[in-house]
Amino acid sequence: MLHHIEEPCSLGAHAAVIVPPTWIIKVKKPQNSLKASNRKKKRTSFKRKASKKGTEQENKGRPFVIKPISSPLMKPLLVFVNPKSGGNQGTKVLQMFMWYLNPRQVFDLSQEGPKDALELYRKVPNLRILACGGDGTVGWILSILDELQLSPQPPVGVLPLGTGNDLARTLNWGGGYTDEPVSKILCQVEDGTIVQLDRWNLHVERNPDLPPEELEDGVCKLPLNVFNNYFSLGFDAHVTLEFHESREANPEKFNSRFRNKMFYAGAAFSDFLQRSSRDLSKHVKVVCDGTDLTPKIQELKFQCIVFLNIPRYCAGTMPWGNPGDHHDFEPQRHDDGYIEVIGFTMASLAALQVGGHGERLHQCREVMLLTYKSIPMQVDGEPCRLAPAMIRISLRNQANMVQKSKRRTSMPLLNDVHQVQTADLRRVSAPPGSFTIPQSVPDRLRIRVNKISLQDYEGFHYDKEKLREA
């Protein structure tokens, strides 16, 4: 390939999302050697010295800095991979992204948190982020973005490697990564639509109605003080807590998504037999936008209460139900500034898995929750047993997210009329790739079929001409 050596590199099919090597400036190490000290020192102004010192401190510990050149066509991508999410897919995904992209834009979250990387790329225009992990990984990145107050905030896409992946399902990224070609994922992140996601604050205080000596065992704060998906208490949180404690004790037993789900099913069944969440309704008070829901909660004897921000919950179920079903409520949205409050009995929780839904209680902007005993709770899948407390839920802000476009980006290659000789296939105004056949269908259709190797498909799926040749 020596004849190509002088040609400028185009960065290939994914040039729009790749960080060019020209943006990466190596940081010179401070020279402390005897040789450096013996050199003739140049006079520099105090102002220049001070600015240089500031830059050195800013880049301390980093071998490079990013100096972007703005281009309206570019959407540089920052990839964060959590190898601990779900099964063992994370390590493989990390290697593939490092192969396709500049390794300086791919980060392993088991080695360091996302903060340093986001600081490094904070001045890059049109930046997009891909979080490869579970919903917890996405929440972690969104919290760091809040902390850094980047403006505008870069939108976040999700490659689901976790167990539940409810946020990924909501944004059309699916319930789990299934070895899809990385080049295809990069196209989807680049073409995805930017949407808003409500985020909610959880403010916890000691229950003022109880004297200090009546506060039972339990932690005094929640694992997270912000949630993006849901906050719940009762039966479901108790099952999640058992799973969490078992995984902490024996992490090697929880290395696949299927095995994790089987554990959830077993823990749920044992809790059902013990009925440990039976009296939840007697020990809580719930007030939504000034409306006291406690009498209804006690009347229907709910064993689980969910405050839901997105339509999906508990690995893909739809607890609010079909939008056409509820006449008293608005359809659920993740960007409307309202939170959905849903109550569950054991029966309605079981029915969730076969398309059922809970009891719709309220859609509100603010919740006041009082608990009078230690109760299992979970925030976006992070469980704990919280001592009696007063919890206030209020809208925090809205995050930018990348929603995968549902339309197919590539059209069928062989849809020309002359290639299907014996049938008149008419294209109609329908989603791309769909056809209708006229009512007079002949007995036999002759259609040409081409075969392609997986390697060629992965390499050329974005280029129709090359696909045709292959």
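Reader: Let's begin with helix α3: how far apart are its end C-alpha atoms, and what should its residues span?

Author: Keep in mind that this is a predicted model. Helix α3 covers residues 89-100, and at 1.5 Å a residue its 12 residues should span 16 Å, while the end C-alpha atoms are 17 Å apart, which agrees.

Reader: And which residues of α3 are buried?

Author: They are Gly90, Val93, Leu94 and Phe97. Seen down the axis of α3, these buried residues fall within an arc of 105°, so they line one face of the helix.

Reader: Which exposed residues sit on the face turned away from that buried side of α3?

Author: That face of α3 carries Gln95 and Trp99, which are exposed. As for the buried residues of α3, what covers them includes the strands β3 (77-81), β4 (106-108), β5 (128-133) and β6 (156-160), together with α7 (182-191).

Reader: Switching to strands, what is the order in the open sheet of six?

Author: The order is β14-β13-β12-β9-β16-β17, and the pairing is antiparallel. At the edges are β14 (359-364) and β17 (382-386), each of which pairs on one side only. From one strand to the next, the twist averages 20°.

Reader: How many bridges join β9 to β16?

Author: Three bridges join β9 (residues 230-234) to β16 (residues 375-379), and the two strands run antiparallel. If you look at phenylalanine 231, its bridge partner in β16 is valine 379.

Reader: What about asparagine 229, is it buried or exposed?

Author: Asparagine 229, which lies in the loop between β8 (226-227) and β9, has a relative accessible area of 2%, so it is buried. Its side chain makes a polar contact of 2.9 Å with the side chain of aspartate 135.

Reader: Where is glutamine 332, then?

Author: Glutamine 332 is found in the loop between β12 (304-308) and β13 (339-344). With a relative accessible area of 14%, glutamine 332 is buried, since the cut-off for buried is under 20%.

Reader: What does the side chain of glutamine 332 reach?

Author: The side chain of glutamine 332 reaches the backbone oxygen of isoleucine 310 at 3.3 Å, and a polar contact of 3.0 Å joins it to the side chain of glutamate 340. Among the other residues that glutamine 332 touches are Pro311 and Trp320.

Methods. Residues numbered from 1 in each chain as written. Predicted model: local features only at pLDDT ≥ 70, side-chain atom pairs only at ≥ 80, totals over all residues. Heavy atoms only, no water. Pairing = 2+ DSSP bridges. Helix = DSSP H or I, 4+ residues; strand = E, 2+ residues; numbered from the N terminus. Axes fitted to C-alpha atoms, helices over the stretch in contact; angles between N-to-C directions. Expected span 1.5 Å × (residues − 1). Buried < 20%, exposed > 50% of the residue type's maximum accessible area, 1.4 Å probe, protein only. Arc of directions from axis to C-beta. Contact = heavy atoms within 4.5 Å. Polar contact = N/O pair within 3.5 Å; in protein donor to acceptor, adjacent residues only side chain to side chain. Lists of a residue's contacts leave out its neighbours within four places in sequence.
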